[in-house]
Amino acid sequence: MTLNQLRYFCTASRCHSITKAAQELYVTQPTVSVAIRDLEIEFGVSLFYRKGNRLILTEEGEALYEKATYILQYCNDLQADHSSITRVRPPIRIGIPPMLSTVFFPELLDAFNEVYPSVPVMLEEYGSLRACNLVQEDTLDLALVNMELYNIDKFNREVLAKDQIVFCVHKSHPLSGKSEVTTKDMSHENLIFFNTDSVQNDILKSRFEADGLKPKVFMRSSQIYTTLQFLRNGRCGCFLYTSMVDKFPDIVTIPLSPPIRVSVGMIWKKGKHISNDMQKLLSFTTKYYQEHSLVKL
């Protein structure tokens with residue numbers, strides 16, 4: 001078994017194709033095929049079966065893939081940590097939902113950069129659902145997500161804060177004087193929902209459906225300031241987290257009845273090797289939000 005064999009096998013697993021793997025690796029198809037065959041002979045198992053034109057991992061293949069990705073990541077980090085050649089450190093790739101990024105990350109990153117100025121971080125905006133898929137595919141190292149995901153147990157995770165969803169309108173909106181709102185109150189209002197890769201959408205949709213109602217969604221958006229501009233006409237409402245709204249003094253927040261409470265946290269792939277830089281960020285983030293609580297429920 002060699003690192004190249006593992007690399008070829010993992011690439012074919014991710015691409016579901018020997019042809020695509022060879023193109024990505026800039027090698028010939030027989031090179032990839034032979035590497036996979038040699039691994040199967042060495043371990044005495046079949047690693048793939050075919051479903052149409054796609055390669056699908058067998059149970060033994062999935063087990064090897066998990067260990068092989070760990071080994072390859074560890075080797076990459078070992079080289080980065082101990083290379084005597086000056087090189088750019090790879091950034092920690094973090095997915096953040098656009099709405100949550102308004103509250104969670106600006107101050108945290110400033111504090112982290114003061115303590116670890118040489119650790120690069122790259123942020124990419126995705127809804128929680130999309131971010132989870134990208135973590136699973138190793139496109140992202142970490143993701144900040146709404147922890148009410150149906151498949152959250154598939155990931156390593158750390159809860160950072162608890163919050164609740166509130167109905168938000170401009171102070172000129174007809175419902176602005178209410179102390180709480182129900183789905184019936186909101187069912188006749190024009191509503192702004194997040195984009196389709198948001199967990200919050202599923203939570204709210206389930207709440208309306210449970211009450212036999214359908215939300216009147218007239219726009220989907222991932223941009224908080226676009227949403228706020230529409231709210232200011234006084235003819236629509238949206239749903240935000242309580243920790244966000246103190247930044248917008250002309251917006252009125254109305255608790256839902258019954259309330260919808262959520263947890264927000266960080267996830268990363270199970271079986272993934274945690275680099276020194278990633279461990280620093282995880283430890284710092286956990287401690288930071290223990291000391292800087294966003295909201296008390």
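1. The side chains of D141 and R93 meet in a salt bridge, with 2.7 Å from N to O. A salt bridge here is a side-chain nitrogen of Lys or Arg within 4 Å of a carboxyl oxygen of Asp or Glu. The pair joins distant parts of the chain: D141 sits in the loop between α7 (128-136) and β5, R93 in strand β3, and 48 residues separate them. D141 is buried at 8% relative accessible area, while R93 is partly exposed at 23%. Buried stands for under 20% relative accessible area, exposed for over 50%, and partly exposed for what lies in between (1.4 Å probe, protein chains only).

2. This is a predicted model, in which local features need pLDDT of at least 70 and side-chain atom pairs count only at pLDDT 80 or more, while totals for chains, interfaces and linings use all residues. Residues are numbered from 1 along each chain as its sequence is written, and side-chain values use heavy atoms, with hydrogens and water left out.

3. K269 forms a salt bridge with D138, the closest N and O atoms being 3.1 Å apart. This pair also links distant parts of the chain, with K269 in strand β10 and D138 in the loop between α7 and β5, 131 residues apart. K269 counts as buried at 7% relative accessibility; D138 is partly exposed at 21%. Helices (H or I, at least four residues) and strands (E, at least two) are DSSP runs, numbered from the N terminus.

4. The structure holds five salt bridges. One of them joins R37 to D38, with the closest N and O atoms 3.5 Å apart. R37 is partly exposed at 45%, and D38 is partly exposed at 28%.

5. Helix α11 (residues 276-291) has 16 residues and should span 22 Å at 1.5 Å a residue; its end C-alpha atoms are 23 Å apart, which agrees. The expected span is 1.5 Å times one less than the number of residues. Buried residues in α11 include M278, L281, L282 and F284. The buried residues of this helix pack against β3 (92-96), α6 (105-115), β5 (142-146), β6 (155-170) and β10 (251-269), where contact means heavy atoms within 4.5 Å.

6. On the surface, L3, Y70, I71 and Y74 form a nonpolar patch with about 340 Å² of accessible area together. Patch residues have over 30% relative accessible area and no salt bridge; like charges are joined within 9 Å, and nonpolar side chains (Val, Leu, Ile, Met, Phe, Trp, Tyr) within 5 Å. Accessible areas come from the Shrake-Rupley method with a 1.4 Å probe, and for residues only the protein chains shown count as cover. Helix α4 (residues 59-82) gives the most to the patch, with three residues.
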